[in-house]
Amino acid sequence: MSDKDKKQDTNISRRSFIKGVGTGTVAATVVPAAILVGNEKTAEAQTDQAISKAEIQLNINDTVYEIEVEARTTLLTVLRDGIDTGGNNVDLTGAKLICDRGECGGCTVLVDGKAVYACMMLAMDAQGKQITTVEGIANGDNLHPIQEAFVKHDAMMCGFCTPGFIVSSVALLNENRKPTLTEIKEGLSGNTCRCGTYPFIFDAVETASEKM
Ligand code: FES
Ligand code: FES
């Protein structure tokens, strides 16, 4: 083989090699694209699945409601967005949506008598349970002792955290009728008051416990 032929051969080989690598590169970019399309389809199917709706029954404040929910709907969303009872929309907006991540306690409701963050509970999981919101704490026009005590001690400023504190206080007193100050602080440690009304809230719980 002449030097010229060798050179040509080398060039061809190099060109072929580069072409081969190029093809490989194209293939490498095509394959993930195909995977992506597949993933998109999977994601679409998952979304379709996620938004499928179901009819459930929820017992809220001693009334049973038939409600259509998505699998991802939280109990708090059901309460706050209104329950359509065929013309009469029931809005239970006492439980507040503040952090939406189980940190502030503003959305606290009672589930079978225990304090629960409604933003962290799926509506579907609340089936078959007794749900009590702050709207269901009073007995008709008669305030619950804890509500009376909050008024008496002026245990609120902006009032945004108050429904959550009232519900948590009821849960605490249901379990422990005569809590010490330390137990009150522990029992309400899942609730946050940005206005700093804690001392008045603790006084209110002590007063309510004496009355109950
Ligand atoms: S909104 Fe539920 S804990 Fe804050
Ligand atoms: S009274 Fe304002 S956050 Fe508690």
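Contact is taken here to mean heavy atoms within 4.5 Å, and buried to mean under 20% relative accessible area, with exposed over 50% and partly exposed in between (1.4 Å probe, protein chains only). Helices (H or I, at least four residues) and strands (E, at least two) are DSSP runs, numbered from the N terminus. The structure is a predicted model, in which local features need pLDDT of at least 70 and side-chain atom pairs count only at pLDDT 80 or more, while totals for chains, interfaces and linings use all residues. Residues are numbered from 1 along each chain as its sequence is written, chains are lettered from A and ligands numbered from 1 in the order in which they are written, and side-chain values use heavy atoms, with hydrogens and water left out.

The protein contains six helices and seven strands. Along the sequence these follow the pattern α-β-β-α-β-β-β-β-β-α-α-α-α. Of the 212 residues, 33% are buried. Among contacts with a separation of 6 or more, 54% are accounted for by residues 24 or more positions apart.

Helix 6 covers residues 198-211. Its 14 residues should span 20 Å at 1.5 Å a residue, and its end C-alpha atoms are 20 Å apart, which agrees; the expected span is 1.5 Å times one less than the number of residues. The buried residues of helix 6 are Ile-201, Phe-202, Ala-204, Val-205, Thr-207, Ala-208 and Ser-209. They pack against helix 3 (145-152), helix 4 (162-175) and helix 5 (181-187).

Two residues illustrate this packing. Ala-149 lies in helix 3 and is buried, with a relative accessible area of 3%. Leaving aside neighbours within four places in sequence, Ala-149 is in contact with Ala-204, Thr-207 and Ala-208. With neighbours set aside in this way, Val-205 is in contact with Ile-146, Ser-169, Leu-172, Leu-173, Ile-184 and Leu-188.

Helix 4 also has 14 residues, and it reaches 20 Å from its first C-alpha to its last, close to the 20 Å expected at 1.5 Å a residue. Because 12 of these 14 residues are buried, helix 4 is largely enclosed by the rest of the structure. Among the buried residues are Pro-163, Gly-164, Phe-165 and Leu-173. The buried part of helix 4 packs against strand 5 (108-111), strand 6 (114-117), helix 3, helix 5 and helix 6.

A nonpolar core is a set of buried Ala, Val, Leu, Ile, Met, Phe, Trp, Tyr and Cys residues joined through side-chain atoms within 4.5 Å. The largest such core has 23 residues, of which Ile-146, Phe-150, Phe-165, Leu-188, Ile-201 and Val-205 touch the most other members. Helix 3, helix 4 and helix 6 are the elements that give two or more residues to this core. Its largest share, seven residues, comes from helix 4. A second, separate core of 22 residues includes Leu-75, Cys-107, Val-111 and Ala-123.

Rings of Phe, Tyr and Trp (its six-membered ring) were paired if their centres lie within 6.5 Å, with planes under 30 degrees apart counted as stacked, over 60 as edge-to-face and the rest as tilted. A search of the whole structure finds two aromatic pairs. The ring centres of Phe-165 and Tyr-198 are 6.1 Å apart and the planes are at 75°, so this pair is edge-to-face. Phe-165 lies in helix 4 and Tyr-198 in helix 6, so the pair ties together parts that are 33 residues apart in sequence. Phe-165 is buried, with a relative accessible area of 0%, whereas Tyr-198 is partly exposed, at 26%. The rings of Tyr-198 and Phe-202 have their centres 6.2 Å apart and their planes at 35°, so this pair is tilted. An α-helix has 3.6 residues a turn, so residues three or four places apart point the same way. Phe-202 is buried, with a relative accessible area of 13%. Together, Phe-165, Tyr-198 and Phe-202 form one aromatic cluster.
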